[in-house]
Amino acid sequence: MPPPADIVKVAIEWPGAFPKLMEIDQKKPLSAIIKEVCEGWSLGNHETFALQIADATNFYITEKNRNDIKNGSILRLTTSPYQTALQLHERIQSSSMDAKLEALKDLANASRDITFAQEFINLDGISLLTQMVESGTERYQKLQKIMKPCFGDLLSFTLTAFVELMDHGIVSWDTFSVAFIKKIASYVNKSAMDTAVLQRSLAILESMVLNSQDLYHKVAQEITIGQLIPHLQGTDQDIQTYTIAVINALFLKAPEEKRQEMTHILAQKQLRSIILTNVIRSPTPVNDEMAHQLYVLQVLNFNLLEDRMMTKMDPQDQAQRDIIFELRRIAFDVECEPNNGGSIEKRKSMYTRDYKKLGFINHVNPAVDFTQIPPGMLALDNMLYFAKHHQDAYIRIVLENSSREDKHECPFGRSSIELTKMLCEILKVGELRKSFSAKTDTVQS
């Protein structure tokens, strides 16, 4: 006969003793089960004990997750989350470097558990860690030359614990001071920094930017694209991934006009070439998280084209019409005719002939071709870029197609407009803006 569904058979460990095999009645209060376990080992003060999953996670068993216990599970009797938090809170303030380092290491591991995290945060543990970062580590920096590895580990475990605690979403990111932001930014801006410290610092900056518009402005004042780029030129893919994540976060939270400015800066810094050389063509295969961050960066850049894609050309706008005149000039190497150079009818006839060769649908007023959205003015932007930066190819395409029979032609104008429209559809320009906004709202909530 199978055992009742509420009965779970487990093994429970206690340091220095043989594991105890017992049946847990899930209908009993957890406190009653812990008391029974303690009495089996003659341990008093059962209120100061708790049960953990005996694996790498060491997660505490609570009334909320106790149903996750399966037959054959191995549990561990240990001090309660409050007692553990209280002990670690005291230990990380030790005057002994070795004791402090060991305590911070234990804190970084324990902070992954939300039950412990809540208790440690209730003891004002986040404030203690930020104070250590802002000023408490300064006195240890004087010892950095003679005990550099120890200093790096000390700071690394401090930041790791901070990241783990904040990831639970218990504390608002808006509570942190400018001094703390400056300190974290300084670790990113230094040319030589412990890898673990750099990684945690980048992760903190990304979370700050994504979770608070106010913090975005403060971080943007401390970190520039130029200071982030060198981190992409190393060989550590985790550092590269976190760096691109920070760039994406700054991009996502920036005002519209600032995004355009960032795009120009990224182009000047040759970000595309750096990613191609140091990430995509690196001997290390691109992992899933890096692929995701690259995808996000690509989408954010493509979405900047949405405004031009959805802007109709104004046939009466002389500046816009001048772009079409420039396409004609480059293709046929003609000088702008003076106003008195021939009759108006002759000039109109010449323009109509050339616009037909350029492949526009409306030979008389090609501006009308760009009133369809999408692709709107984006198609004209692409055509002008191609004509200016690849003149030989542009002239060859126009001349070759203008001399073909109609049934074999591939008109430059019409083809460019349709190709731009097709690429916008394939790359979903503008379509993913809402999904990224929704993701940001989820992070903030």
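Between which two elements does the loop that holds Ser42 run? Ser42 sits in the loop that leads from α1 (30-40) to β3 (49-53). The points below take up this residue and other features of the model, which is a predicted one.

1. Backbone at Ser42. The phi angle of Ser42 is near 55°, a positive value in a residue other than glycine. With a relative accessible area of 68%, Ser42 is exposed, because the cut-off for that class is over 50%.

2. Backbone at Lys428. A positive phi of about 55° is also found at Lys428, although this residue is not a glycine. Lys428 belongs to the loop between α21 and α22 (433-444). Its relative accessible area is 42%, so Lys428 is classed as partly exposed.

3. Cis peptide bonds. The bond from Ile373 to Pro374 is cis, with omega near -20°. The bond that joins Pro374 and Pro375 is cis as well, and here omega is about 15°. Pro374 is part of the loop between α18 (344-357) and α19, and Pro375 is likewise placed in the loop between α18 and α19. The reader may wish to view these two bonds together.

4. Confidence. The mean pLDDT of the protein is 88, and 89% of the residues reach at least 70. Over residues 143-147, however, pLDDT stays under 50, and the model has 3 contacts for this stretch beyond four places in sequence. Where pLDDT is low, the predicted coordinates should not be read in detail.

5. Cysteines. How many disulfides does the structure hold? The count is 0. A disulfide is a covalent bond between the sulfur atoms of two cysteines. Cys38 has a relative accessibility of 0% and is therefore buried. Cys424, at a relative accessible area of 6%, is buried too, since the limit for that class is under 20%. Cys410 has a value of 40%, so this residue counts as partly exposed.

6. Surroundings of Cys410. This cysteine is located in the loop between α20 (391-402) and α21. Apart from neighbours within four places in sequence, Cys410 is in contact with Asn401 and Ser415. The C-alpha atom of Cys410 is 8.0 Å from that of Gly359, while the two residues are 51 residues apart along the chain.

7. Thr84. Is Thr84 buried or exposed? Thr84 is buried, because its relative accessible area is 14% and the class requires a value under 20%. The residue is in helix α2 (residues 81-91). When residues up to four places away in sequence are not counted, Thr84 touches Tyr60, Thr79 and Phe116.

8. Largest pocket. The volume of the largest pocket is about 1400 Å³. Its lining comprises 34 residues, and those nearest the centre are Thr263, Arg272, Asn301, Phe302 and Leu305. Two or more lining residues come from each of α13 (256-268), α14 (271-280), α15 (288-303), α16 (306-309), α19 (377-389) and α21 (412-426). By residue class, the lining of this pocket consists of 18 nonpolar, 12 polar and 4 charged residues.

Technical notes. Residues numbered from 1 in each chain as written. Predicted model: local features only at pLDDT ≥ 70, side-chain atom pairs only at ≥ 80, totals over all residues. Heavy atoms only, no water. Helix = DSSP H or I, 4+ residues; strand = E, 2+ residues; numbered from the N terminus. Buried < 20%, exposed > 50% of the residue type's maximum accessible area, 1.4 Å probe, protein only. Contact = heavy atoms within 4.5 Å. pLDDT = per-residue confidence, 0-100. Disulfide = S-S within 2.5 Å. 1 Å grid on protein atoms, 1.4 Å probe; cavity = no way out; pocket = protein on both sides within 12 Å on 5 of 7 lines; lining within 4 Å. Points joined across faces, edges and corners; volume = space filled by probe spheres on them. Nonpolar A, V, L, I, M, F, W, Y, C, P; charged D, E, K, R; others polar.
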